[in-house]
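Please keep the structure in view while reading.

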Amino acid sequence: MPPPLTEMLNYILRRLGAGLLLLAVVTAVTFWIFFVLPKWAGVTPRGMAALYVGKAPTPEALDATVERLGLDQPVVVQFFNFVKDLIFGTEYVFGRETVECAAPCLGYSFTTNSPVLEQLLSRLPVTVSLALGAAVIWLIGGVAVGVLSAVRKGSLFDRLAMGTALVGVSLPIYFTGLLALAFVVHSWKLLPVPRYVPLAEDPGAWFTAMILPWITLAFLHAAQYARQTRAGMLEVLGEDYIRTARAKGLSERKVIFKHALRPALTPILTIFGLDVGLVLGGAVLTEKVFSLKGIGAYAIDAIIGKDLPVVLGVTLLGAVFIVICNLVVDLLYPLVDPRVRIAA
Amino acid sequence: MRKRTLGFVALGAAASIFLSACGGDSGSGDSASGAAFDQGSTEIVNASETTGGTLRYAISSDFDSTDPGDTYYAFSWNFSRYYARTLLAFAPAPGQESTELVTDLAAGMPEPNDDFTEWTVKIQEGLKYEDGSAITAQDIKYAIARSNYNGGELPNGPRYFESHLDQEPFNVYETDDPLAAFTAVETPDDHTLVFHLKESFSEFPYVLTQPQTAPVPVDADRGALYKENVLSSGPYKFDGSYEPGVKLDLVRNENWDGATDPIRTALPDEITVEIGVDQDEIDQRLVNGEIDVDLSGNGVGPTMKSQLITDEAAQANLDNPYSGALRYVNIHTPVIEDVACRQAIMYAADRDSLHRAWGGDSGGDIATNLLPPTLDGSDPESDLYPSEDNKGDLEAAQAKLEECGEDDGFSTNIAVRDGRPNDIATAEALQEALKRVNIEAEIQTFPAEDFFAQYAGSQDYVRENDIGLSVSGWGPDWATGYGFAYKITAGDAIQETGNYNTAELDDPEVNELWEEALRTEAPDERANLYEQIDTLVMEQAAILPVVFDRSMFYRSDELTNVYYSAAYMMYDFMALGVDRG
Amino acid sequence: MATTGPVVRVDDLRVTFPTMDGDVQAVKGLSFEVPAGGALGIVGESGSGKSVTSLALMGLHRGSRAKITGAIEVAGKNVVTASDKELRRMRGNDIAMVFQDPMQSLHPQYTIGNQLVEAYKIHNPKASKDAALKKAVEALDRVGIPQPEKRVNSYPHEFSGGMRQRVVIAMGLMCDPKVLLADEPTTALDVTVQAQVLDLLDELRRDLGMALILVSHDLAVVAGSVDEVVVMRHGEAVERGDVRTVLSAPEHPYTQALLAAVPRVEVSRAQRRAQDRADRVAKAGAEGGGTVPAAFAPSADGGRGEPLLSVRDVAQRFKVRGGAWGRSTDFWAVKGVSFDLYRGETLGVVGESGSGKSTLSRTVMRLLEPTRGRVVFDGRDITHMKERELRPLRRDVQMVFQSPYSSLNPRLTVGDAIGTALRVQGEKDTRKIRVRVQELLERVGLEPGHYNRFPHAFSGGQRQRIAIARALILKPKLIICDEPVSALDVSTQDQVLRLLSELQDDFGLTYIFVAHDLAVVRQVSDRVLVMRKGEVVESGDSDSVYENPQSEYTRQLLAAAPVLDPDEARRHRAEREMLRAGRVA
């Protein structure tokens with residue numbers, strides 16, 4: 001039974017509160033990794049500043065950069081400033097120009113001087129397109145294969161599918177992705193070179209650009225889902241209530257799709273929420289392999305470039321997605337499985 | 001040293017990708033357009049006047065900045081000319097010819113005073129920005145000011161003006177009237193610039209080719225944000241904003257007048273840059289004709305390279321020119337003080353194994369002198385420390401050791417940057433070679449970021465920790481002996497930290513020659529002086545040259561007017577057109 | 001009851017499962033008939049083939065590897081040869097089934113209304129949803145679910161076990177089947193609930209004229225509910241006939257043994273003990289060896305001395321968390337229990353699920369720290385003793401658990417499992433340990449050669465013997481047996497009870513015996529605590545509690561206990577109806 005609205009609202013608020021706490025911890029840890037680990041490795045503020053300036057910089061130029069980026073301040077102060085700017089917004093001075101960075105201000109990239117939030121938002125459609133499209137494919141594909149495998153356990157199909165799944169789980173994206181690109185695009189020319197086009201601009205081009213990344217990303221996950229679904233189905237098919245369903249005289253199709261699939265999918269919902277959250281935070285390898293300018297590509301560039309504000313922004317966004325997806329899953333759970341109650 | 005895409009800190013990595021064997025002189029054959037292997041290194045391939053079409057670039061990393069005042073990457077200097085005209089330019093011609101200077105915005109070549117401390121240059125009249133407003137000398141003055149005196153706002157570009165102009169330090173962004181504060185450059189009228197230098201500097205015109213001389217009106221300057229939409233003075237302007245990590249599109253600038261421009265043909269209608277494409281994917285697309293040019297100018301990646309060099313049909317599409325860089329080992333003079341001891345190292349080094357550490361013939365040519373072969377005054381044939389099969393002359397080395405009183409050899413440390421396989425392989429090869437004469441060299445790796453700021457480039461650290469050798473690499477900022485070697489060999493260039501004359505060579509004779517060169521007007525005379533410097537540095541055994549890098553470029557059949565510019569160590573972007581016919 | 005020919009006819013049924021080790025015949029030529037409106041009981045211990053038979057009746061072996069020969073006719077149709085479609089039409093429509101575990105046999109994610117309606121709509125596809133729902137409410141009402149209009153929208157987890165079994169029965173009733181097949185319908189239920197469900201089945205049979213097939217391992221369960229009974233063993237019917245005849249005058253020795261093994265609530269501790277001792281003497285005599293040790297008699301009442309264990313007003317509270325972020329609430333599992341236990345005595349603790357009897361035993365063992373009250377063991381107050389101080393006492397109190405399967409580590413040999421405790425207590429001589437363990441194995445009725453075997457090589461009863469040996473190795477003063485026989489077949493159960501009794505004689509052990517089975521508890525206990533919802537509702541000398549129960553609850557329990565005599569069983573049923581009627585009135 002669904003809990004009363006106020007109770008649910010209460011729950012959501014509390015979860016969001018916990019989510020905020022998590023975000024704070026994630027930020028702090030990111031800061032720590034970013035500043036303390038290099039320090040242990042012997043990198044000085046000047047050494048860090050050297051990353052953001054041209055070659056053969058003079059010590060004065062380095063000092064100017066250290067000061068401009070505040071690299072010499074204690075980590076705690078930098079962290080505090082970051083959080084303060086995030087909540088209250090701040091102003092940045094570029095040349096003679098003062099630019100307002102309204103809350104939530106994620107700052108400006110150290111290396112490209114572009115506003116992080118704006119960059120994230122402009123890249124979000126790419127990642128969302130990739131994540132949701134792939135999620136649909138891997139969920140439907142993985143579950144379909146899993147169900148079929150479970151129902152025909154031990155058959156040729158089952159063995160082939162599970163063999164493929166094993167391969168799918170073990171093959172990294174940069175292998176399958178490059179292989180797909182090399183054959184489908186470059187050798188056979190079945191698809192044009194994938195270049196992202198906004199959905200609103202040209203749905204057809206959007207689809208043809210995304211289909212290969214979707215399939216590649218989905219393949220990896222679908223494999224896992226197929227295995228999980230199969231295992232879940234086999235377990236559920238041994239349950240007493242399935243025997244009850246059969247004893248009622250239900251057709252096998254109804255037994256499988258109405259009675260067995262739902263409980264088998266219930267635990268998958270949790271994984272699905274987490275996976276979608278993760279992929280929304282940036283499917284790094286897929287985006288890199290297919291040269292998609294999404295959050296993941298942004299993240300990896302930032303990590304290589306040691307671009308702290310971007311690393312923080314991407315990390316936070318990823319954490320936000322995971323928090324939200326988990327919350328959505330938790331809210332959906334009682335609807336899928338009435339035994340689970342949202343505890344107020 | 002101008003940066004190749006990955007920046008100077010990554011020079012090793014950029015070159016480390018040339019791992020597989022490639023003769024450089026192997027293979028021949030004709031492509032559809034009648035081109036041959038390496039033809040683009042010395043001639044114009046596919047000459048054509050066809051206009052129109054879209055010229056498509058792609059790059060795996062990104063610009064350091066699209067702001068002409070804030071960039072140090074070679075490709076960026078090459079590319080920014082689409083939208084940023086400079087006072088002077090390199091001749092639009094293949095190979096060595098490209099290192100000659102020609103005018104761009106300037107109406108004529110700059111006029112120096114007698115001791116080369118004052119230079120006057122006039123710019124053409126009637127030049128316009130993309131918005132139709134006039135380009136003035138004051139704008140160029142301001143552009144130089146903002147790119148050199150900005151308090152860290154624009155950190156990327158070189159600081160040649162700052163170090164040569166007779167100017168008190170100031171910050172354009174904290175000064176009410178930056179033009180008035182910038183006294184080292186005068187603008188007697190709207191079309192004349194007068195530069196006042198601290199010291200004689202005969203090669204000052206080369207500095208005027210740098211993108212920092214592209215005009216920026218004071219009002220248009222948005223500091224670090226200016227790069228989002230640079231006000232164009234060239235044949236193309238930004239189509240929308242530059243999106244870091246994503247793309248940059250250029251379209252024709254109707255206010256550009258081709259008649260005033262001696263270096264740009266502006267054949268394509270549009271230019272696109274796709275940023276952040278995986279290197280293998282770029283190479284794949286390049287070969288398949290999905291893009292036209294790899295913007296980075298580093299050549300194809302290792303995967304594609306190994307594929308191409310064995311592909312007979314692809315030979316005619318390949319060019320294999322020098323990358324312009326020298327890989328070398330510094331022999332630190334304050335640590336290994338006796339020149340005979342340093343010479344012992346030069347003799348003992350096994351150049352053949354060092355060459356192999358860089359991937360053999362595919363990586364480049366064995367270097368026995370300082371200046372890369374693309375520079376005037378370079379004599380690659382000179383070899384002060386010859387040996388059979390380049391394996392090292394152990395007897396000579398032993399003799400030198402005895403001369404410096406270290407008959408039983410000595411021990412020291414080799415500093416090398418972390419995460420650079422080729423650098424580390426170089427150090428290991430040298431370690432092995434030196435062991436043969438009982439010189440024990442221990443390899444120490446350091447973080448690449450701080451290598452010069454704190455370790456090999458810190459005078460104190462080197463002395464305290466007995467760092468006698470360090471593995472390094474260097475490329476020219478412009479294609480002359482000075483543009484390449486001054487910072488790594490001149491006594492004046494020695495810094496306490498961040499020291500790139502890492503060997504700390506402070507030889508009166510060398511210093512004297514540098515000063516003389518800066519007072520010498522005729523390029524061939526200067527080249528002569530540079531050759532002497534080269535020989536002296538070798539005699540002083542401050543630098544052990546290892547290899548001169550080579551790149552491998554894939555030249556698409558659809559590109560027109562393709563040639564290698566020695567000035568930028570890659571194709572001359574300004575000449576390129578497309579013909580998809 | 002009009003008998004117009006059999007509604008179920010099974011003739012020479014054989015079910016064979018092919019395995020790696022060759023075919024296994026689970027049912028070997030079984031035949032029986034059930035007339036319309038009749039009731040048949042199928043009784044057998046585990047492995048007898050009774051459940052395989054009931055699944056075969058529903059055609060539920062389809063799709064598995066089982067090979068079925070012979071004839072099964074249900075309502076005139078041959079289940080063995082029918083097409084899948086015909087079979088589906090028959091299931092739920094002609095023959096409905098009620099399964100063993102009501103907790104598992106309803107789909108947890110659909111409302112019971114949904115599941116009932118579905119059962120109806122399969123066989124009445126044209127029926128409107130409203131009509132089906134109405135039918136569902138009727139069926140729920142029929143099986144005694146209160147407020148069926150409301151409850152029809154509830155999920156299974158919102159019902160108790162007994163209520164769920166009613167729902168399952170209601171589901172069976174949806175299409176007015178001719179036969180209701182109930183396979184162990186009450187095994188997982190408390191006695192009182194078991195009685196209610198059996199009463200319901202009986203009532204439905206009478207009112208609706210359905211034939212009933214009741215499958216159970218417990219003769220007492222079927223006694224009051226069927227006309228005819230088939231006793232199965234190893235896939236064969238060893239005896240078949242009228243329930244009265246079979247139960248009162250069994251012909252086959254197996255049936256006789258089975259009947260003898262059923263613990264009877266009317267048999268007292270003293271009778272049972274006397275019987276066990278006599279059997280032991282007879283057996284020893286027959287074997288001609290060994291002397292039977294004199295019964296270790298607890299010293300006369302006057303000289304009981306100090307109690308071994310004294311429990312005063314013990315209460316145990318649990319924090320029940322509402323969820324990840326929910327506030328916790330208190331739950332008192334045990335509320336103020338007091339008792340004394342003397343050496344050589346057995347205290348029976350009886351109660352239904354949720355009565356707190358297991359929590360009490362864990363508290364006494366100090367696996368839990370009492371929230372309130374005092375526990376004194378062997379003269380020492382152990383109520384709040386630290387784990388370190390408790391360690392030496394641990395050897396004095398041992399426990400035997402319910403599940404013989406999960407309480408033994410499958411990776412340890414039997415010898416190691418038993419000997420570990422000795423090693424923990426500091427014994428280093430491996431040979432000594434081995435000798436000691438082997439002695440014990442022999443004592444609990446196993447071979448000394450079993451020392452190196454792993455638990456999976458043993459049956460449930462043997463495992464429970466191993467568990468007992470493990471408890472005995474340290475010569476404890478007190479053994480707490482928590483439902484030690486409830487997972488075992490009756491005959492095995494009888495043997496284990498015998499063993500416990502013998503050990504008490506031999507070693508003067510003191511037991512706390514926790515169980516839900518009234519008869520078992522009576523036969524082993526000197527004194528009894530009857531628990532309900534964490535409280536002791538009655539305590540005292542076992543004979544007086546059983547023969548002259550003071551509390552209403554004890555009377556209910558006793559009335560609910562299944563009895564072997566069919567007539568007695570029916571009398572009990574009438575009594576229960578009166579009790580219920582009395583409550584309603």
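## Disulfides and the A–B interface

Searching the whole structure, a predicted model, turns up two disulfides over all chains. Here they are.

| Disulfide | S to S distance | Torsion about the S-S bond |
|---|---|---|
| Cys101(A) and Cys105(A) | 2.1 Å | about 100° |
| Cys341(B) and Cys404(B) | 2.0 Å | 70° |

The torsion of about 100° makes the link of Cys101(A) and Cys105(A) right-handed. Cys101(A) is buried, at 10% relative accessible area. Cys105(A) is buried too, at 1%.

The link of Cys341(B) and Cys404(B) is also right-handed.

Now the contact between chains. Chain A supplies 41 residues and chain B supplies 45 residues. Together the two chains bury about 3700 Å², with 47% of that on carbon and sulfur atoms.

Four salt bridges cross the interface of chain A and chain B. One of them pairs Glu274(B) with Arg195(A), whose closest N and O atoms are 2.6 Å apart. Twelve residue pairs are in polar contact across the interface.

On chain A, the elements giving two or more residues to the side that touches chain B include α2 (45-49), β1 (90-94) and α5 (116-151). α3(A) gives the most, with four residues. By class, this side of chain A has 17 nonpolar, 13 polar and eleven charged residues.

Key. Residues numbered from 1 in each chain as written. Chains lettered and ligands numbered in written order. Predicted model: local features only at pLDDT ≥ 70, side-chain atom pairs only at ≥ 80, totals over all residues. Heavy atoms only, no water. Contact = heavy atoms within 4.5 Å. Buried area = accessible area lost by both parts, 1.4 Å probe. Salt bridge = Lys/Arg side-chain N within 4 Å of Asp/Glu carboxyl O. Polar contact = N/O pair within 3.5 Å; in protein donor to acceptor, adjacent residues only side chain to side chain. Nonpolar A, V, L, I, M, F, W, Y, C, P; charged D, E, K, R; others polar. Disulfide = S-S within 2.5 Å. Buried < 20%, exposed > 50% of the residue type's maximum accessible area, 1.4 Å probe, protein only.
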